Amino acid sequence: MRTSRALTFAVLAAPLLASIAFGQSHFATLYTFTGYYPTGLTYANGAFYGATYQYTSCGTVFELQPPVAPGGAWTETTLYAFPNTVGDPCEPYGNLVVGSNGALYGVTEGGGAYDNGGTAYELQPPTSLGGAWTENVIYSFGGLGEPGGDGGFPTGLFRGPAGSLYVTTCCGGT
Amino acid sequence: METTLYTFQAFADGAAPNDVILGPDGSLYGTTLGLAPASDNGAGTVFQLTPPGTPGAPWTKTILKSFGYGYNCGPDSPLILHNGDLYGAACLSGGGVVFKLEPPSAPGGAWTTTYLHHFTDGQVPGGAMVLTKNGAIYGATIDESSGTGTIYEIAP
């Protein structure tokens with residue numbers, strides 16, 4: 001699964017580059033992850049949020065805070081590391097949705113009640129400063145040919161106008 | 001009830017569409033992920049699906065930009081539509097690019113591609129990006145060969 005989704009490296013035809021027009025812009029690397037990989041960014045309340053995957057564990061959800069002084073370093077905080085236990089969400093992927101209540105919502109490609117069909121999860125912020133975030137599984141996807149049969153491997157999460165969350169899945173689902 | 005609006009023809013027409021967004025003009029804008037070189041898995045493209053003038057008639061698909069073929073490679077970020085321009089990211093030789101597509105000044109003309117940054121260090125941009133009100137873009141990259149990923153900023 002991972003290999004099919006991972007952004008592996010392609011060497012495209014060199015002539016493509018010949019027609020490239022570069023704009024005037026200023027590029028900066030704000031933060032580097034080592035050993036794990038960010039899968040996208042969401043902005044809310046002055047910080048960036050995202051999910052990472054890594055091959056040796058089940059991945060994390062992070063917060064990236066801007067430097068307190070210009071030119072300073074950005075600070076990454078792991079808000080939650082998915083435990084590598086059967087039935088729990090694993091391998092978060094795609095964008096996060098930040099709820100008005102401060103909760104984070106996302107999907108995972110693996111884990112869940114149906115043989116690694118993936119999940120939609122909620123992370124509730126700690127009730128006291130420095131406390132732990134609380135994970136709740138909103139939904140477990142059925143995966144291919146599994147009970148539930150509603151498609152597996154969710155790939156994205158979107159917030160609808162009425163507060164509902166909509167999920168796209170990879171294989172045989174909606 | 002499900003209605004098929006468009007069936008991708010693979011090859012140059014693309015296949016495996018990713019996220020689509022709805023524009024104020026009623027069109028859907030999306031991307032296809034380029035797969036194995038020159039195969040029927042399709043090219044990496046940015047496309048527009050325009051609704052028919054009369055209900056029930058076919059939707060019209062236009063390829064706004066083709067990135068050609070690549071293995072699991074293409075414009076894999078959800079597009080951002082802002083002031084009529086499309087922003088996205090795709091892998092390309094050396095790593096990838098963050099691009100901006102501007103609509104033609106006259107109907108039927110070609111869209112103009114501007115590469116806001118070309119990653120040549122192996123980092124491949126992907127996933128959801130953030131466009132701020134002042135025009136800065138923030139996003140994520142992955143380079144599995146070096147075991148690293150980054151968060152980047154492209155300021156106007």
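Predicted model: local features only at pLDDT ≥ 70, side-chain atom pairs only at ≥ 80, totals over all residues.
Which residues does Met129(B) touch, not counting those up to four places away in sequence? I started there. In chain B, Met129(B) touches Ser77(B), Ile80(B), Tyr87(B), Ala89(B), Ile137(B), Tyr138(B) and Gly139(B), and from chain A it touches Leu41(A).

**Core**

I looked up the nonpolar core next. The largest one has 51 residues. Met129(B) is among those with the most contacts inside it, along with Leu41(A), Ala90(B), Val97(B), Val98(B), Ile137(B) and Ile151(B). I also checked which strand gives the most to this core: it's β6 of chain B, residues 85-92, with 6 residues.

Then I went through an open sheet of 4 strands. Its order is β1(A)-β11(B)-β10(B)-β9(B), and the pairing is antiparallel. Why do β1 of chain A and β9 of chain B count as edges? Each has a single partner strand, so one side of each is left without a neighbour in the sheet. From one strand to the next, the twist averages 20°.

I zoomed in on β9(B) and its pairing with β10 of chain B, residues 137-143. The two run antiparallel and pair over 5 bridges. Within that pairing, I found Gly126(B) opposite Ala140(B) of β10(B).

**His117(B)**

Is His117(B) buried or exposed? It has 23 C-beta neighbours inside 10 Å, and the cut-off for buried is 20 or more, so His117(B) counts as buried. I found His117(B) in strand β8 of chain B, residues 112-119. Leaving aside neighbours within four places in sequence, its contacts are Ser25(A) and Phe27(A) from chain A, plus Val97(B), Val98(B) and Ile154(B) from chain B. I also checked His117(B) against Ile137(B): they are 20 residues apart in sequence, and C-alpha to C-alpha they are 11 Å apart in space.

**Chain A overall**

I finished with chain A. I counted 2 helices and 12 strands, and reading along the sequence, the pattern opens α-α and goes on with β. Chain A has 174 residues, of which 37% count as buried. Of the contacts in chain A with a separation of 6 or more, 38% come from residues 24 or more positions apart.

On confidence, chain A averages a pLDDT of 77, and 68% of the residues score at least 70. I flagged residues 1-21 of chain A, where pLDDT stays under 50. The model has 36 contacts beyond four places in sequence for that stretch.

How values were computed:
Residues numbered from 1 in each chain as written. Chains lettered and ligands numbered in written order. Pairing = 2+ DSSP bridges. Axes fitted to C-alpha atoms, helices over the stretch in contact; angles between N-to-C directions. Core = buried A, V, L, I, M, F, W, Y, C linked by C-beta atoms within 7 Å. Buried ≥ 20, exposed ≤ 12 C-beta atoms within 10 Å, placed from the backbone. Contact = placed C-beta atoms within 7 Å. pLDDT = per-residue confidence, 0-100.
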